[in-house]
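Hello,

Please find the structure below. My notes on what was found in it follow.

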Amino acid sequence: RLVLSDSADKNAFLWLQLFGTASRTAHLRFLAAALALVPSPLDLCCVWAQDLGFFHPFYLRPRFGTSFNCPGVCSGKIQTVDGLRQQRFGELGEHTGMAFAVSDELLGTFVPIAVYWLYSGLYIVMDRMEIDDYRLHPKGEDEVKNVVSKWTVVKGVLVQQGFQIAVSLLLFTIIGDDSGTVRKQPPALVIALQFIIAMFVMDTWQYFMHRYMHINKFLYKHIHSKHHTLVVPYAFGALYNHPLEGLILDTIGGALSFLVAGMTPRTSIFFFSFATIKTVDDHCGLWLPGNILHMLFSNNSAYHDIHHQLYGNKYNFSQPFFVMWDKILGTYMPYTLEERKGGGLEARPVNLGLAAQSKSD
Ligand SMILES: [Zn+2]
Ligand SMILES: [Zn+2]
């Protein structure tokens, strides 16, 4: 016996179902609350199979979808609410056990945010350890040179991520395919190629947008300067941006990479998580031995640290993966990593004249 909405306001009914039954598990209630933020063009399909006593995997679909394969542990085909109204319970009878899953689109939105805080958390823990030899700025310099407090940054990032959630869910609804089937993953080689294409697209988009935000005085003053209040970057400050910057650089940049590369929503979970890790790492303010990202990419925490300094403000715009656009367009500032007097490391420009000139501009 399925409990289904037959009122016009099926969403409201389904929310009642979610909240009414979710009380048995706190995490479901939390997720339901998070999903309640989903903008209205989305249709939430959720089936509470009372006799089985579990939540059927619920799945976010565009309003006019027809049917799709269940992305969860069951193999059955389920339909959107309209279709389900006519369906008999028997067709779902094969579903057993605790079934609970969210769509890849939702995971692609929420996993990178979880990754952001987990990876930054790792750096917060490390910050308390004996790592002064590997700091790009002396310990405590952030408190002196950064004009915003860490708590302000945490709040700023959370607001930023709230926007990101709303916009990406909206984008996924608009660009999501209506066929109703979960797309099959292509061969590993194709996925690798899609990753590389997406990295190039994201870098290209971000380079030109980022550089323009420095050239255009209005945009710099009102939007991008917020990110540059962190003269001494730290991991969880990576996404401390004006919401409009987050929208233009990260969300639209991410959507473009996703579309041009033609990756599946499932691949995008990994791609966006990787891009998040890379961005957080570029702001970590450390040069730890054995950091594999530093070995693989010349665009790294030292490279981006130059950009956060007053003298490097017009250089090293490239982010988050490669340095090619800076090299091609002459905005690359060569630097060396040297030991700082009093301990730790320092990314120092090779051409001091260039740095001095840039500082006085
Ligand atoms: Zn900048
Ligand atoms: Zn930055």
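**Transmembrane spans**

Residues 106-126 are 100% helix and 0% strand, and their end C-alpha atoms lie 31 Å apart. Helices here are DSSP runs (H or I, at least four residues), strands are DSSP runs too (E, at least two), and both are numbered from the N terminus. The model is a predicted one: local features need pLDDT of at least 70, side-chain atom pairs count only at pLDDT 80 or more, and totals for chains, interfaces and linings use all residues. Residues are numbered from 1 along each chain as its sequence is written, while chains are lettered from A and ligands numbered from 1 in the order in which they are written.

An unreviewed UniProt entry gives the feature "transmembrane region" at residues 30-50, 106-126, 157-176 and 188-208. UniProt positions are in the numbering used here, feature names are shortened, and annotations may be inferred rather than shown by experiment. For residues 188-208 the end C-alpha atoms lie 31 Å apart, and the span is 100% helix and 0% strand.

**Helix packing**

Helix α4 (residues 104-127) and helix α10 (residues 265-282) have axes that come within 8 Å and cross at roughly 20 degrees. Axes are lines fitted to C-alpha atoms, for helices over the stretch in contact, and angles run from 0 to 180 degrees between N-to-C directions. The two helices α4 and α10 are therefore roughly parallel to each other (under 35 degrees; over 145 counts as roughly antiparallel, 65 to 115 as roughly perpendicular and the rest as oblique). Among the residues that make the contact are Leu107, Val111 and Val115 of α4 and Ile269, Phe272 and Thr276 of α10; contact requires C-beta atoms, placed from the backbone, within 7 Å. By class, the contact of α4 with α10 has 11 nonpolar, 5 polar and 3 charged residues. Ala, Val, Leu, Ile, Met, Phe, Trp, Tyr, Cys and Pro count as nonpolar, Asp, Glu, Lys and Arg as charged, and the others, Gly among them, as polar.

Helix α7 (residues 188-215) meets α10 as well: they pack at an angle of about 45 degrees, with axes 11 Å apart. That makes α7 oblique to α10, and the crossing is right-handed. Ile191, Gln194, Phe195, Ala198 and Met202 of α7 meet Thr267, Phe271 and Ala275 of α10. These residues divide into 6 nonpolar, 2 polar and no charged.

With helix α9 (residues 243-261), the axis of α7 comes within 8 Å and crosses at roughly 150 degrees. α7 and α9 are therefore roughly antiparallel, again in a right-handed crossing. Residues in this contact include Gln194, Ala198 and Met202 of α7 and Ile248, Gly253 and Leu256 of α9. The contact of α7 with α9 has 13 nonpolar, 6 polar and 1 charged residues.

**Hairpin and loop**

Strands β8 (residues 335-339) and β9 (residues 345-349) pair in the antiparallel sense over 5 bridges; pairing requires at least two DSSP bridges. Tyr335 has Pro349 as its bridge partner, and Leu337 has Ala347. The hairpin has 5 residues between the strands, and Gly342 there takes a positive phi near 95 degrees.

Most residues other than glycine have a negative phi, and most peptide bonds are trans. Two exceptions occur in the loop between α12 and α13. Asn316 has a positive phi of about 50 degrees, and the bond from Gln319 to Pro320 is cis, with omega near -5 degrees.

Regards

Note on methods
A crossing is left-handed if the near helix is turned anticlockwise from the far one by less than a right angle, and right-handed if clockwise. Two residues are in contact if their C-beta atoms, placed from the backbone, lie within 7 Å.
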